[in-house]
Amino acid sequence: MPYNAALKQSSIIKQTMNTFIASCVLPTSKAIVIDAETLQSSRALVSHGGLTPANVVVLNDKKDVIAAAVNHGHIHSLVGISTDSLRQLHDRYDCIYLDFCGTPERSQGTGWNPELDILLAADKLNKDGICIATFTKGHCANAVIRATNMKPDSLQLVREIHYRETSPMYSMILAKTNDCNYVQTLQRRYNTIALQVQETEKKTKSGTLPLPRTSVKKRCKKRPLPYSSREEYDRLDVA
């Protein structure tokens, strides 16, 4: 599925997810994100999460996107298929955002394997770290079942999000934890952020809507006064 960067910039789900990942890290954390040319997710981790740009690794198969990421301080970013790039990273991370644009089906042509990506991500996560994977459900039978079957035993399912942009989409938030209370905390945190983003969007839209049109009274022709009334009026005027 082609990545619509313009649509993503105004996407409520994207805003929610970026705010959520920024709330799940510390200034000392490290993160991996599959990001587009807008670098929305990596920017959010730096500006709202407090991460050092060098501690955010951007993945993309386009050289110009990685060049822009490096120019913004993400010096360890890698160009190429995520499956290949993840194999090259040997650090530990608190957040890995796999914002895939494709279906849960592996690509025979490019070698991209989303199931292996999630397994590699799980292996690289610190305790209590989060992994998010996003897929398109379009043109793929049983896409959600295929996606959830990719969840490793080491990760707990925190939240599922179904939405639509250019096609039906599905995101799952996973956490490397065995603590049920922590999972519930993450669930409440995401729900709170989602409501806040929606409320802000609603207020923004209501503030930019045109003002309701006011009704304009039509000018009515004056009815001619009866002769007797006119004569009476003239007498008053003369007086």
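The following legends describe close-up views of a predicted protein model.

**Figure 1. Overview of the predicted protein.** The chain folds into nine helices and seven strands. Of its 239 residues, 42% are buried. Among contacts between residues at least 6 apart in sequence, 64% join residues at least 24 apart. The accessible surface of the protein is about 14,000 Å², and carbon and sulfur atoms account for 53% of this area.

Figure 2. Seven strands, in the order S3-S2-S1-S4-S5-S7-S6, form an open sheet with mixed pairing. Strand S3 (78–79) and strand S6 (156–164) are the edge strands, and each of them pairs on one side only. Helix H6 packs on this sheet, where it touches S4, S5 and strand S7 (168–175). The direction of H6 makes about 160° with that of S5.

**Figure 3. Strand S4 and its two partners.** Strand S4 (residues 93–98) is largely enclosed by the rest of the structure, because five of its six residues are buried. Strand S1 (residues 31–34) runs parallel to S4 and is joined to it by three bridges. Within this pairing, Val33 has Tyr97 of S4 as its bridge partner. S4 also pairs in the parallel sense with strand S5 (residues 125–136), over five bridges. There, Tyr93 has Leu125 of S5 as its bridge partner.

**Figure 4. The crossover from S4 to S5.** Strand S4, helix H6 (residues 114–124) and strand S5 together make a β-α-β unit, which is right-handed. The two strands of this unit are parallel to each other.

**Figure 5. The nonpolar cores.** In soluble globular proteins, nonpolar side chains tend to be buried together. In this model, the largest nonpolar core holds 31 residues. The residues with the most contacts inside this core are Phe20, Ile21, Leu45, Ile130, Ile132, Ile173 and Leu186. Helix H8 (residues 180–208) supplies the largest share of the core, namely seven residues. A second, separate core has 26 residues, among them Leu86, Leu89, Trp112 and Ala147.

**Figure 6. The surroundings of Ile21.** Ile21 belongs to the largest nonpolar core. Leaving aside residues up to four places away in sequence, Ile21 touches Ser41, Leu45, Cys95, Tyr97, Ile130 and Ile132. Of these neighbours, Leu45, Ile130 and Ile132 are also listed among the residues with the most contacts inside the core.

**Figure 7. Ala133 in strand S5.** Ala133 lies in strand S5. Its relative accessibility is 1%, and therefore Ala133 counts as buried. Although Ala133 and Tyr97 are 36 residues apart in sequence, their C-alpha atoms are 6.4 Å apart in space. Beyond residues up to four places away in sequence, Ala133 touches Leu98, Phe100, Ile118, Tyr170, Ser171 and Met172.

**Figure 8. Asn60 in strand S2.** Asn60 has its place in strand S2 (residues 56–60). Asn60 counts as buried because its relative accessibility is 13%, and the cut-off for buried residues is under 20%. Apart from residues up to four places away in sequence, Asn60 touches Asp35, Ala36, Val65, Ile66, Leu78, Val79 and Gly80.

Note on methods:
Residues are numbered from 1 along each chain as its sequence is written. This is a predicted model: local features need pLDDT of at least 70, side-chain atom pairs count only at pLDDT 80 or more; totals for chains, interfaces and linings use all residues. Side-chain values use heavy atoms; hydrogens and water are left out. Buried means under 20% relative accessible area, exposed over 50%, partly exposed in between (1.4 Å probe, protein chains only). Helices (H or I, at least four residues) and strands (E, at least two) are DSSP runs, numbered from the N terminus. Two strands pair if DSSP finds at least two bridges between them. A crossover is right-handed if, with the strands pointing away from the viewer, the path from the first strand over the helix to the second runs clockwise. Contact means heavy atoms within 4.5 Å. Accessible areas come from the Shrake-Rupley method with a 1.4 Å probe; for residues, only the protein chains shown count as cover. A nonpolar core is a set of buried Ala, Val, Leu, Ile, Met, Phe, Trp, Tyr and Cys residues joined through side-chain atoms within 4.5 Å. Axes are lines fitted to C-alpha atoms, for helices over the stretch in contact, and angles run from 0 to 180 degrees between N-to-C directions.
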